[in-house]
Amino acid sequence: QAYSGTPPEEKEKIVWVRFENADLNDTSRNMEFHEIHSTGNEPPLLLMIGYSDGMQVWSIPISGEAQELFSVRHGPVRAARILPAPQISAQKCDNFAEKRPLLGVCKSIGSSGTSPPYCCVDLYSLRTGEMVKSIQFKTPIYDLHCNKRILVVVLQEKIAAFDSCTFTKKFFVTSCYPCPGPNMNPIALGSRWLAYAENKLIRCHQSRGGACGDNIQSYTATVISAAKTIKTGLTMVGKVVTQLTGTLPSGATEEEILAHSNLRRSPLVPGIVTIIDTETVAEGQVLVSEDSDSDGIVAHFPAHEKPICCMAFNPSGMLLVTTDTLGHDFHVFQILTHPWSSSQSAVHHLYTLHRGETEAKVQDISFSHDCRWVVVSTLRGTSHVFPINPYGGQPCVRTHMSPRVVNRMSRFQKSAGLEEIEQELTSKQGGRCSPVPGLSSSPSGSPLHGKLNSQDTYNNFTNNNPGNPRLLPLPSLTVVLPLAQIKQPMTLGTITKRTG
């Protein structure tokens, strides 16, 4: 249009866009995608586009010829998800097997037409195009999440989970902490675990570690802790600047939300994360309190001092990244569970990903498939790329320049010669080389007596060996700066012809 001089046509406004993972492009469910390099049958991309009056789902194969799979034009759509096929067992069967794949849509106008805006989840069949189920709520819906087990509906201060086979209510959580940001109620849903922001810290259920555990007393963490005063000052300056320039998102402030919440309940504690197991948690209300048992609670720990605004699991579900409303630092936790209770679990604070000193609103977090890279995107249009290791430690050329993930054993055990020491200890346990003080028949004859003369030293020694990772001392965290900051233009109007 610019070169031909024709007047521009009226285009539809795109409100949101997202690539979706579903059964259609899942390599584990489609055998024809296994021979990717030999046949060229790469899985297609599923593109979901939300307009001001509806949404579309497109399938984009490797040839680039897009095919429209679904389209609805009944008002704006706030959230939509393609539901994966559920896991079938002998106890339950799929009631919607003939209608799948299903698409969950949260529109401004529900199927009944009488419900308030965004208070209804309609399930459409991508096979037949008809609506097969409608779930009504009394309050607005802010987001949808799903896996092979449950469908999670996120409200402002409530989380409702439904069974993926029957879509009957399985459990619900009402103790969520309100977030003053673009994501009103942040959650993270893995293949089995569900993490959400808790409004209180219950000591009897608290796991070992977290952001306030013994592992925070490292040199880098001390430097960051000493700079809190400078951070606070720069945060206030950044907030004033954003308010003057008009770039601060509209909405309720943190103080207003906290004041509103304190009128109805006791003072809340920000920055607490609770992880529950969606398979073993009891049906009905999930309540973490001193009187409740820990069935289904995987971990319960402090993650930040400010309210949490975004969190995400890695593909394996063992790592959790969280960020608060300030957006200065992003925390990477490793979740090590215990079969007895959440108080016996350990949460290793592996990394503090430092973005900067000014305030920023985080809108999304994404992992690479090998969990060696984390990308955090803010509302300012910047994506911060951080290198990490799935097991912790300082990222280096050896860990990130290889096509395969370098594991912890090859980094520490082999290079330091600790495998030979471990074999010697296990072969002569309780004898001359026993590492436990008092059990050696001849302490002075033990080759490790000089190094393992105390229990604390032995604990530090076993911390680098495959011992019990839930016991103290926990590994110290590593502060990582972004390797790259990818800046996107805020509007397409800022792109000139040459740069375009």
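Which residue lies over the face of F172, and at what distance from the ring centre? It's K158, at 5.1 Å from the ring centre; a charge counts as sitting over a ring if NZ of Lys or CZ of Arg is within 6 Å of the ring centre and within 35 degrees of the ring normal. Keep in mind that this is a predicted model, where local features need pLDDT of at least 70, side-chain atom pairs count only at pLDDT 80 or more, and totals for chains, interfaces and linings use all residues. Residues are numbered from 1 along each chain as its sequence is written, and side-chain values use heavy atoms, with hydrogens and water left out.

**The chain overall**

- The protein chain has eight helices and 27 strands; these are DSSP runs numbered from the N terminus, with helices being H or I of at least four residues and strands being E of at least two.
- Of its 500 residues, 45% count as buried, meaning under 20% relative accessible area, with exposed being over 50% and partly exposed in between (1.4 Å probe, protein chains only).
- Take the contacts (heavy atoms within 4.5 Å) with a separation of 6 or more: residues 24 or more positions apart account for 55% of them.

**Rings and charges**

- Searching the whole structure turns up five aromatic pairs; rings of Phe, Tyr and Trp (its six-membered ring) pair if their centres lie within 6.5 Å, and planes under 30 degrees apart count as stacked, over 60 as edge-to-face and the rest as tilted.
- One of these is the tilted pair of F70 and Y124, at 5.5 Å centre to centre with 50° between the planes.
- F70 belongs to strand β4 (residues 67–72) and Y124 to strand β7 (residues 120–125), so this pair ties together parts that are 54 residues apart in sequence.
- Both ends are tucked away: F70 is buried at 8% relative accessibility, and Y124 is buried at 10%.
- Elsewhere, R78 lies over the face of Y118, at 4.0 Å from the ring centre.

**The five-strand sheet**

- Five strands make an open sheet in the order β9-β10-β11-β12-β17, with mixed pairing; two strands pair if DSSP finds at least two bridges between them.
- Its edge strands, each pairing on one side only, are β9 (141–146) and β17 (284–286).
- From one strand to the next, the twist averages 20°, with axes being lines fitted to C-alpha atoms (for helices, over the stretch in contact) and angles running from 0 to 180 degrees between N-to-C directions.
- Five bridges join β9 to strand β10 (residues 150–155) in the antiparallel sense, and C146 stands opposite L151 in β10.

**Around A197**

- You'll find A197 in strand β14 (residues 193–198), where it's buried with a relative accessible area of 3%.
- Leaving aside neighbours within four places in sequence, A197 is in contact with S175, C176, Y177, P186, I272, I308 and M311.
- P186 is eleven residues from A197 along the chain, and their C-alpha atoms are separated by 6.7 Å.

- Strand β19 (residues 308–313) is mostly covered, with six of its six residues buried.
- It pairs with strand β20 (residues 319–324) in the antiparallel sense over five bridges, and C310 has T323 in β20 as its bridge partner.
- Five residues lie between the two strands of this hairpin, and G317 in the turn has a positive phi of about 85°.
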